[in-house]
Amino acid sequence: MLTQKGRAKNWEPNSPRNVDVTRAKGFECVSSSPHSKMEEQKENIHDQDENKKPLESRSRDTPHVKTTCPAHSSIVEPVPVEPTSHGEFSDPVYKEIALANGHINRMSRDELRAKLAELKLDTRGVKDVMKKRLKSYYKKQKLTLSASEAEKAGTFYDFICVVDFEATCEENNPQDFEHEIIEFPIVLIDTQKLEIVDTFQEYVKPELNPKLSDFCIQLTGITQKMVDDADTFPAVLRRVVRWMQDKELGTKHRYTLLTDGSWDMSKFLNIQCRLSGIRYPAFARKWINIRKSYGNFYKVPRTNTKLSSMLEKLGLQYEGRPHCGLDDSHNIARIALRMLQDGCHLRVNEHMHEGQLQSVPSSAPLEGAPPPHNPKSRH
């Protein structure tokens with residue numbers, strides 16, 4: 001944990017690996033065990049968020065479309081393409097790619113693993129993941145991206161900030177329970193180096209319900225002393241902003257936020273800013289929901305996009321302590337890195353508009369988050 005407030009810490013798992021990882025937040029409590037209770041209610045909230053009206057609806061019967069990885073729902077968003085005189089895929093290179101894809105589709109699991117090993121690529125993951133990895137490799141070999149095309153790809157953002165809050169909770173939360181953020185972690189991904197380059201972590205003192213429940217302490221590993229010794233949310237947020245400014249995010253470097261689901265920003269941060277009497281920070285209004293991106297890229301249903309499922313499908317194991325915000329953020333970052341390595345073009349797919357969660361269609365212009373500033377008071 002931090003020895004000095006506001007300082008970044010190197011990520012170190014604080015419990016053994018290979019532990020169960022039904023990741024959840026401090027508000028999901030409806031089934032038999034603490035972990036399953038949390039996960040089930042979080043899925044219910046995710047269902048509600050998924051049903052929010054999208055920012056922009058598009059026709060799905062357009063005759064000529066292309067798709068990108070993180071469309072605004074579990075269904076890939078069609079993007080109309082202007083027809084050319086020769087057709088978009090008339091170039092022989094696309095025929096070569098199609099032939100290669102057909103061959104890859106016919107390969108067995110052992111053949112896929114052998115080919116990946118031969119090419120010095122990652123051999124972990126289920127069969128469909130290995131297919132996608134091999135197809136992406138051959139496509140990259142065949143296509144030379146122009147500068148404008150590269151900007152539309154995963155290289156658009158220089159850095160990605162992975163955020164996974166932990167919040168106060170009860171074993172059986174009342175319907176009107178106000179969740180307060182008690183851990184603010186960030187894991188910083190350098191998309192050029194394809195590695196984690198820094199982390200930030202601070203605990204937060206809750207004010208509405210200052211005493212943590214036994215359930216919350218057991219679930220998150222955050223003790224009463226940790227939050228008693230911490231600062232309140234506005235003070236912690238100021239240090240988060242300073243940390244991001246020191247890294248020149250939004251000024252020198254393009255960046256965005258990434259979360260495991262919609263609730264970190266649309267629920268926790270939204271509630272916390274209201275309770276703290278401050279405006280919702282502009283730099284957190286848009287983010288990448290990795291569950292949507294993962295489902296669209298690897299063509300899996302939303303029910304298979306829990307943190308534990310995503311790690312398993314990629315051949316990875318959880319590292320650290322489940323429900324520790326920093327450890328959860330680190331594992332989410334590992335998934336994002338693997339997706340980038342496999343050719344996924346991560347882009348913003350959700351945002352807050354007038355206090356409401358909305359989806360961002362894949363046709364929306366690409367833009368980074370604004371430079372971080374301390375939000376003003378609501379009064």
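Arg 113 and Asp 110 lie three residues apart in helix α3 (residues 109-118), a separation of about one helical turn. Helices here are DSSP runs of H or I with at least four residues, strands are runs of E with at least two, and both are numbered from the N terminus. The model is predicted: local features need pLDDT of at least 70, side-chain atom pairs count only at pLDDT 80 or more, and totals for chains, interfaces and linings use all residues. Residue numbers start from 1 along each chain as its sequence is written, and side-chain values use heavy atoms, with hydrogens and water left out.

The side chains of Arg 113 and Asp 110 form a salt bridge, with an N to O distance of 3.9 Å. A salt bridge is taken as a side-chain nitrogen of Lys or Arg within 4 Å of a carboxyl oxygen of Asp or Glu. Asp 110 is exposed, at 58% relative accessibility. Arg 113 is partly exposed, with a relative accessible area of 29%. Relative accessible area sets these classes: buried is under 20%, exposed is over 50%, and partly exposed is in between (1.4 Å probe, protein chains only).

In total, the structure holds 14 salt bridges. One of them joins Lys 292 to Glu 350, with the closest N and O atoms 2.8 Å apart. This pair links distant parts of the chain. Lys 292 sits in helix α10 (residues 290-298), and Glu 350 sits in strand β9 (residues 350-353), 58 residues apart. Both Lys 292 and Glu 350 are buried.

A further salt bridge connects the side chains of Arg 334 and Glu 319, at 3.5 Å from N to O. Here too, distant parts of the chain are linked. Arg 334 belongs to helix α12 (residues 325-341), whereas Glu 319 lies in the loop between α11 (307-313) and α12. The two residues are 15 apart. Arg 334 is buried, with a relative accessible area of 15%. Glu 319 is also buried, with a value of 13%. Elsewhere, salt bridges that share partners join Asp 122, Arg 124 and Arg 338 into one network.

Ala 364 is found in the segment after β10 (356-359). With a relative accessible area of 17%, Ala 364 is buried. Its C-alpha atom is separated by 9.2 Å from that of Asn 349. Along the chain, Ala 364 and Asn 349 are 15 residues apart.
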